[in-house]
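Please look over the structure below before reading the notes. They are arranged by topic.

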Amino acid sequence: GLPGDPDDADERQSRRAALLSLVGGTGNDPAVQRRATELSTLYIADPSSLPGTLVSTVLRVAAAGGDAELYDRYVAQLEGLAAEPEEFYRFFAALPSFSDPVLVQRTLAFAMSPAVRSQDTATLIAGLLGRSASRDAAWMFVQAEWPTLTQKLGTFQGIPGIIRALGSFCSTDAAAQVAEFFRNNAVASAERTLRQALERIDNCAALVTRQSPALTSWLAATTR
């Protein structure tokens, strides 16, 4: 159960965090997300309520099903944690996990604001690109804001991280769009990163093409 026994070894808590991420994050289980939200609320009020090995995962899983109220709580925490970087980045890194379209747009706007250091802007945008719920919106944002992004981040640091995150797409159409965009907006310092991202997209799309018929057949058989 969550959060487990306070005396549990770190290894046990790490396994608990991995299971929480799998069920509540990847599996998007609403009940697990609600429990994570309860634990996040307790943690904000009392940081001793969760073991350190669970905190980041709990915050991210809660965010995955979180609403504007929870988002505002996370942002409010950031404002008071400038002198505590480990704690600051626990909340900061959870912001891309919010999947509500309105909150995705808030995170994109926040990423470009003066409140976020340039080296952290790419972290937020890459995080949004890495999640299926926010990937399309983040990619549209990157294209629309490309001149501003390259000026703010530079082409040697933040931009390669964003390009790398584009490898999370999984369709031939997406690969074509990404390739076309960077033909018109070349980044010499990230050519290798772009090739790797396109390769990951192509590999994922090919896997889907190979496995889709078998998966469709299996689903049809199990629902009879």
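This is a predicted model: local features need pLDDT of at least 70, side-chain atom pairs count only at pLDDT 80 or more; totals for chains, interfaces and linings use all residues.

Residues are numbered from 1 along each chain as its sequence is written, and side-chain values use heavy atoms, with hydrogens and water left out.

**Helix H7**

- Helix H7 covers residues 118–129; helices are DSSP runs of H or I with at least four residues, numbered from the N terminus.
- H7 has twelve residues and reaches 17 Å from its first C-alpha to its last, close to the 16 Å expected at 1.5 Å a residue; the expected span is 1.5 Å times one less than the number of residues.
- The buried residues of H7 are Asp120, Thr121, Ala122, Leu124, Ile125, Ala126, Leu128 and Leu129. Buried means under 20% relative accessible area, exposed over 50%, and partly exposed in between (1.4 Å probe, protein chains only).
- The cover over these buried residues includes helix H5 (85–92), helix H6 (101–111), helix H8 (135–144) and helix H9 (146–165).

- Asp120 counts as buried because its relative accessibility is 9%.
- Leaving aside neighbours within four places in sequence, Asp120 is in contact (heavy atoms within 4.5 Å) with Tyr89 and Phe92.
- Thr121 has a relative accessible area of 0%, so Thr121 is buried.
- Not counting residues up to four places away in sequence, Thr121 touches Ala111, Met112, Val116, Leu149, Lys152 and Leu153.
- Thr121 and Leu153 are 32 residues apart along the chain, and their C-alpha atoms are separated by 7.7 Å.

**Helix H10**

- The 13 residues of helix H10 (residues 172–184) should span 18 Å at 1.5 Å a residue, which agrees with the 19 Å between its end C-alpha atoms.
- Ala174, Ala175, Val178, Ala179, Phe181 and Phe182 are the buried residues of H10. They cover an arc of only 160° around the axis, so they are on the same side of H10; the arc is that of the directions from the helix axis to the C-beta atoms.
- Thr172, Asp173, Arg183 and Asn184 are exposed on the other side of H10.

- Val23 belongs to helix H1 (residues 10–26).
- Val23 has a relative accessible area of 31% and is therefore partly exposed.

Key. Helices (H or I, at least four residues) and strands (E, at least two) are DSSP runs, numbered from the N terminus.
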